[in-house]
Amino acid sequence: MSQTITIRVAALAGASAPLTVIYAAENEAPAGAAAAIWAGTGLGWSETAEAGAFKGKQGQALDVLGAAGKRLLVLGSGKAGADTPLNGWTDRGGSLLAKIAATRATDVAVVIDEPGATPAAIGELTAGLRLRHYRFDKYKSARPDDAPGALTVTLLVADPAAAELAIVDRGATVDGTLLARDLVNEPANVLGPVEFAARAAELAGLGVDIEILEPEALEKLGMGSLLCVAQGSDRPARLVIMQWRGGAAGATPLAFVGKGVVFDTGGISIKPAANMEDMKGDMGGAAAVTGLMLALASRKAPVNVVGVIGLVENMPSGRSVRPGDIVKAMSGTTIEVINTDAEGRLVLADALWYTQDRFKPRFMINLATLTGAIVVALGHEHAGLFSNNDELADRLLSAGRNANEKLWRMPLAPAYDKLIESKFADIRNSVGRPAGSITAAQFLQRFVNDVPWAHLDIAGTAFGAGSSEINSSWAPGFGVALLDRLVRDYYQG
Ligand code: BES
Ligand code: MN
Ligand code: ZN
């Protein structure tokens, strides 16, 4: 059973709770409002800090049990006066949640009284609290040592009204990240293409226009590439188009496209058994796009945005596409299917072509758990960025640094493009091991038709990256915070 968390703000002078948290900087006594609370313990600071081996470094904690069952937790805030970047506050929120959870308290007041604690910083801290608090445990039976059912955290800050606005605004993005995590963590028996489309359709409640295309409509559009991936599965494909119209009527939209392979067995070119269960996360791109649409709509972002996700299941059966088969994409390009496990590019080929053809967007960014090769190249630290547009690429790199969802740019070039030529058709879907992530990107580029475009290969970052200060679940919801940041920083108003 999952614990609920409620986060409130109040004035610095206010609330007392069974557990109070204050901060102290490196080799400094608690200052400001925290000093007054420390004074209430009647203890000398330097002796107590020394006895607890507390130096105020980030991550350190000093636990003080007071009179009348009250408890005070002093946390280190690092070097005094050091300028914490905003994403440092997110991490601080995550670390705070872990410390609070370890006490098993249910009602906590946290004093945040430092010069750098702007409303935006409090918004990030709150995001960190919620992101670290998230667990995907809906399929675990309750156990006696589970965390208490509800946790209330009251942040005591200088300007509660301004902090509240920042928390709500940043909270919309957190909601999007958490939706993306839920979708990626969910097993494929529960989340097929139809069920995923139904989850996306729930965004209608926030004012997102939803269209769901079924196989018959996709057939009419000529999407032979996307459809060939789905044909081996008993579960039919869906293409979902989500539109958020927060900008001026008729203003050119931004477009985001996601790979949504709800499960990737590899098809006839079947994958080995080891870790195949991870392939329930092969819809991480579609999950990020859906989470982003939720974030933008919840915070009523003043911009027009289109999200398109291609939802299929890649299964082996008597109806599956075979190696050697030739299919025709919506663009008219013919594709020789060399390897049925290189299915993501087949799905995106039609989703990308459709998106640029119908919406003529300002740019098109796709996200996909596309290649194992990007994990070999970049591990779990950076997602691969491929782009035909330097300005868009630079903006993405910067948004990634700020959101702490980092990207590393990889090359595109005619010499790589030549490698995807086919003996029998216009192009082939698989080449060979050298430059595997780049040849996959070159394949996608055949379907973008010169629109400013970026491809994010998130195979190493969408799941299984290990836990971080702000995530302890398998799926971090990678991409939502990054793209929300991109939209906020460059494309609003
Ligand atoms: N979904 C996989 C890529 C993947 C691998 C994502 C590991 C996350 C973790 C993709 O569909 C795939 O199978 N790619 C093949 C391409 C190859 C057949 C050209 C790969 O990377 O091996
Ligand atoms: Mn595959
Ligand atoms: Zn795949």
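1. Starting with the manganese ion (ligand 2): its six donor atoms subtend angles of 72 to 167 degrees, which makes the arrangement irregular. Donors here are N, O and S atoms within 2.8 Å of the metal (3.2 Å for Na, K and Ca), and with water not among the atoms, sites may look incomplete. Six donors count as octahedral if opposite donors are over 155 degrees apart and all others between 65 and 115; four count as square planar on those terms, or as tetrahedral if all angles lie between 85 and 135 degrees; anything else is irregular.

2. Before going on, a caveat: this is a predicted model, where local features need pLDDT of at least 70 and side-chain atom pairs count only at pLDDT 80 or more, while totals for chains, interfaces and linings use all residues. Residues are numbered from 1 along each chain as its sequence is written, chains are lettered from A and ligands numbered from 1 in the order in which they are written, and side-chain values use heavy atoms, with hydrogens and water left out.

3. On the protein side, manganese gets D264 (OD), D341 (O), D341 (OD) and E343 (OE), at 2.0 to 2.2 Å. Those donor residues follow the spacing D-x76-D-x1-E.

4. The protein supplies K259 (NZ), D264 (OD), D282 (OD) and E343 (OE), 2.0 to 2.4 Å away. Their spacing in sequence reads K-x4-D-x17-D-x60-E.

5. D264 is the link between the two sites, bridging zinc and manganese, which lie 3.2 Å apart.

6. Now ligand 1. Of the 16 residues around it (a heavy atom within 4 Å), K271, D282, D341, E343 and G372 come nearest.

7. Polar contacts next (pairs of N or O atoms within 3.5 Å). A nitrogen atom of ligand 1 sits 2.9 Å from a side-chain N or O atom of D282, and a nitrogen is 3.3 Å from a polar backbone atom of T369.

Definitions and conventions: A polar contact is a pair of N or O atoms within 3.5 Å; within protein, one must be able to donate a hydrogen and the other to accept it, and residues adjacent in sequence count only if both atoms are side-chain atoms.
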